[in-house]
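Hi everyone, thanks for making time. Let me walk you through the charged side chains in this one.

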Amino acid sequence: MSEPIEWLPDGTPYSPRFGDRYHSENGGLDQARRVFLQGCGLPEAWAGQPQWRILETGFGFGLNFLVTWAAWRADPQRPTLLHFVSTEAWPVSAADLLRATSTRPELAPLAEALHRQWWGLLPGVHRLRFDEGRVLLTVCVGDTQTLLRQQSLTVDSIYLDGFSPQRNPEIWDLHTLKAVARCCRRGTRLATWTIARAVRDALAQCGFEVTRVPGVPPKRDNLHATYNPRWEPRTTRQPEATPAPVAPGPCIVIGGGIAGAATAASLARRGWQVVVLDQATEPAAGASALPAGVFAPHVSPDDSVLSRLSRSGTRTTLQQAGWLLTEGVDWARCGVLEHRTDGTPGLAPDWVHGPGAAWSQPAPRAALAEAQLPPDATACWHHQAGWVRPARLAKALLSQPGIRWQGDCRVARLRRIEQPAAEGCAPALAWQALDAQGQVLAEAPTLVIAAGAGSLELLDHRWPLQPVRGQVSWGLHAHPAAPLLPFPVNGHGNLVPRFPLEDSPGGRTAWVMGSTFERDVEALPPAAADVRAAHATNWAKLQALLPRIAPQLEPAFAPVLPTPGADPSPADRPLAQTAVQSWAAVRCTAPDRLPIVGPVNASNLPGLWVCTAMGARGLSLALLCGELLAARLQGEPLPLDAKLAKALGTERLQ
């Protein structure tokens, strides 16, 4: 449940839990600007920087974030990227958040944008993205001390803004402030409204130089502090073995599918100059050429690593699709029904009573009825899910400024060289991508392998990656208005019942379903017998998934399904004349079925990174993985829980 709020007669929000106002009776805007923003020397301190990282303890209604975001927008010298990380043990509801912030005209549009993303805030780390990914709000739901120790951040400014030390002593105690100090670099500036002696002493003990300054009414004094300990702080990075942060510069990405495009776009937004190499002439020619696919969170009663990871990934896909694509043409946030044909519940019994219900819930009767499933069918409804045309998404990602496409470039091997150095400087290392004849296709200090199944060869078979061929069945709708059902269904296979093949209204529409999982099979195109077998497999899945909907597609499958007493797969039957069509590609999976994101070998192969092994979940995970790689490369706050980042890291395979 959301945190209960009371509203005082002057419109100020009040916390019954802590018996305190959320901001001073004079209003929070002046406090946010003068105590926190100006108290940390902003916006002057961030001028011309590639990124600026702010940590806040106590998000509340987000007023400090909104004021900082507005200052970033108004500053011509703003950093390329603004990171705002905030902890909050008791998130308020989206409605209360909007009520508290939208009354200020100068902040109203920003407050409404925040309100639209303020959902599904389960305990853990959530990345909300604004201004097309250049303003990144990381909301850490839970105990501040615990979360900061888990995330191992490095930040440039700190806003200490919890309820008063008398009302909420835990957020001001020495152990919490030590966790805050661990997030600092030397010179990190801190601001807070409190001048309590215990807080001043604890900050000094943690390595801060503390100063009392004239306060913002009704406070006579406030505190400023700078992290400058007399000792040399220990540094920790998470995940382990991450190399030192790299400033934006030239980069090569090998692979023009969803993983490569997502990586290139995440880096380009940060100011990198990215060359994308691919053996195909056009982007998304491999597994990302799927006609249409489903993105949705995974569910499990114990809320497994994959479940938590898929929520972060689905949120990322929703955000970026919203910036880049045309809804209803390239994608749709229409919800997805998951029919759990094995009868397992998927969701924990108490799931529906918390913020998780904004993500998924037991399927309502209306959704089951539209899918013509019985009322007692075991199924989940995923609110934050839908379908997307992967090639459209990949091409939109690659169209971002700072990315140069270089097709018809088959990379045969990689070579590390020393680049000429300026006078007085050590030679710099760089990576070259070479073709089969040894010609240099591109050269840069940083290279990312994101080539799906092709990553195996470029990595010299360093890890036991497994190729998996997948085949889907798809076809045109004979009549544009003919219904199947209004949303995709997944579970044992999946069905996207309708997506447009053209941009114009009233154009051709199609359906797609599948997919097969043919492990250690790489042959493309599949043999005719394999195609027919795949159609039979997909048809059987559809019959189990949607037994009463399946007959509507039976005429399309009839020409390729075995006839009793006949040769089940005559070699001379022309597949091209059948109503159902086939599409096939080879994907790549790791032994634990999770993506691989990180440096290939930080010690011995500096500058070589990888983003691969998306398996069958590229639409739900690839964009998150691109953001994770960029964050690790640049030393940014991570876009997800550090434990999940570690589960994806290359270090697990060393």
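So, a salt bridge here is a side-chain nitrogen of Lys or Arg within 4 Å of a carboxyl oxygen of Asp or Glu. Keep in mind this is a predicted model, where local features need pLDDT of at least 70, side-chain atom pairs count only at pLDDT 80 or more, and totals for chains, interfaces and linings use all residues. Residues are numbered from 1 along each chain as its sequence is written, and side-chain values use heavy atoms, with hydrogens and water left out.

How many salt bridges does that rule give? The count is 24.

Let's start with arginine 270, which pairs with glutamate 636, their closest N and O atoms being 2.6 Å apart. Arginine 270 sits in the loop between helix H8 (258-269) and strand S13 (273-277), and glutamate 636 in the loop between helix H15 (618-634) and helix H16 (642-648), so the pair ties together parts that are 366 residues apart in sequence. Helices (H or I, at least four residues) and strands (E, at least two) are DSSP runs, by the way, numbered from the N terminus.

Buried or exposed? Both arginine 270 and glutamate 636 are buried, meaning under 20% relative accessible area, with exposed being over 50% and partly exposed in between (1.4 Å probe, protein chains only). They also belong to a salt-bridge network with Arg129, Arg269 and Glu627.

Now aspartate 221 and arginine 220, a salt bridge at 3.5 Å, N to O. Aspartate 221 is buried at 15%, while arginine 220 is exposed at 70%.

Last one: glutamate 502 bridges to arginine 508 at 2.8 Å between the closest N and O atoms. Glutamate 502 is partly exposed at 28%, and arginine 508 is partly exposed at 46%.
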